Amino acid sequence: MWTAPCYQTEYGVTLSVDGIMDGVNAMPEQYYRSEAPLKPMASPFTDL
């Protein structure tokens, strides 16, 4: 969990550690939800 404090000190990000981590975690989630193609036979499991 050293990423968030690094963003704060190195880049001057003023969000809280939780806010930074929420943003960092949202990036791959967004990618896999909207850009990454589904693997074959995966679509039946996306409606669970």
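Mentor: Start with the surface of this predicted model. The protein chain exposes about 4,400 Å². Carbon and sulfur atoms supply part of that area, and their share is 60%.

Trainee: What percentage of the residues in the protein chain is buried?

Mentor: Buried here means under 20% relative accessible area. The protein chain has 48 residues, and its C-alpha atoms fill a box of roughly 45 × 20 × 15 Å along the principal axes. The buried share of those residues is 8%.

Trainee: How many helices and how many strands does the protein chain have?

Mentor: H1 covers residues 3-11, and H2 covers residues 17-34. The count for the protein chain is two helices and zero strands.

Trainee: Are H1 and H2 roughly parallel or roughly perpendicular to each other?

Mentor: The axes of H1 and H2 come within 9 Å and cross at roughly 110 degrees. Angles of 65 to 115 degrees count as roughly perpendicular. The arrangement of H1 and H2 is therefore roughly perpendicular.

Trainee: Which residues in H2 are met by Ala4, Tyr7 and Gln8 in H1?

Mentor: A contact here requires heavy atoms within 4.5 Å. On the H1 side the residues are Ala4, Tyr7 and Gln8. Their partners in H2 are Val17, Ile20, Met21 and Val24.

Trainee: What separates the C-alpha atoms of Gly19 and Ala4?

Mentor: Gly19 has its place in helix H2 and is partly exposed, at 25% relative accessibility. Along the chain, Gly19 and Ala4 are 15 residues apart. Their C-alpha atoms are separated by 8.7 Å.

Trainee: How far apart in space are Val24 and Phe45, C-alpha to C-alpha?

Mentor: Val24 is found in helix H2 and has a relative accessible area of 22%, so this residue is partly exposed. In sequence, Val24 and Phe45 are 21 residues apart. In space, C-alpha to C-alpha, the separation is 25 Å.

Trainee: The aromatic side chains come next. Why is the pair of Tyr7 and Tyr11 edge-to-face?

Mentor: The structure holds two aromatic pairs. In the pair of Tyr7 and Tyr11, the ring centres are 5.8 Å apart. Planes over 60 degrees apart count as edge-to-face. The pair of Tyr7 and Tyr11 is edge-to-face because its planes are at 85 degrees.

Trainee: What is the angle between the planes of Tyr31 and Tyr32?

Mentor: Tyr31 and Tyr32 form an aromatic pair that is edge-to-face, 5.1 Å centre to centre. Tyr31 counts as partly exposed at 36% relative accessibility, while Tyr32 counts as exposed at 61%. The angle between their planes is 75 degrees.

Trainee: Which residue forms a salt bridge with Arg33?

Mentor: Side chains of opposite charge can pair when their charged atoms come close. The structure holds one salt bridge, and its closest N and O atoms are 3.0 Å apart. The partner of Arg33 is Glu29.

Trainee: How many residues apart are Arg33 and Glu29 in helix H2?

Mentor: Arg33 is exposed, with a relative accessible area of 66%, and Glu29 is partly exposed, at 43%. About one helical turn separates Arg33 and Glu29 in H2. In residues, that spacing is four.

Trainee: What is the phi of Met41?

Mentor: Most residues other than glycine have a negative phi. Met41 is found in the segment after H2 and is exposed, with a relative accessible area of 70%. Although Met41 is not a glycine, its phi is positive, at about 70 degrees.

How values were computed: Residues numbered from 1 in each chain as written. Predicted model: local features only at pLDDT ≥ 70, side-chain atom pairs only at ≥ 80, totals over all residues. Heavy atoms only, no water. Salt bridge = Lys/Arg side-chain N within 4 Å of Asp/Glu carboxyl O. Buried < 20%, exposed > 50% of the residue type's maximum accessible area, 1.4 Å probe, protein only. Phe/Tyr/Trp six-rings, centres within 6.5 Å; stacked < 30°, edge-to-face > 60°. Areas by Shrake-Rupley, 256 points an atom, 1.4 Å probe, with all protein chains shown as cover. Axes fitted to C-alpha atoms, helices over the stretch in contact; angles between N-to-C directions. Parallel < 35°, antiparallel > 145°, perpendicular 65-115°, else oblique.
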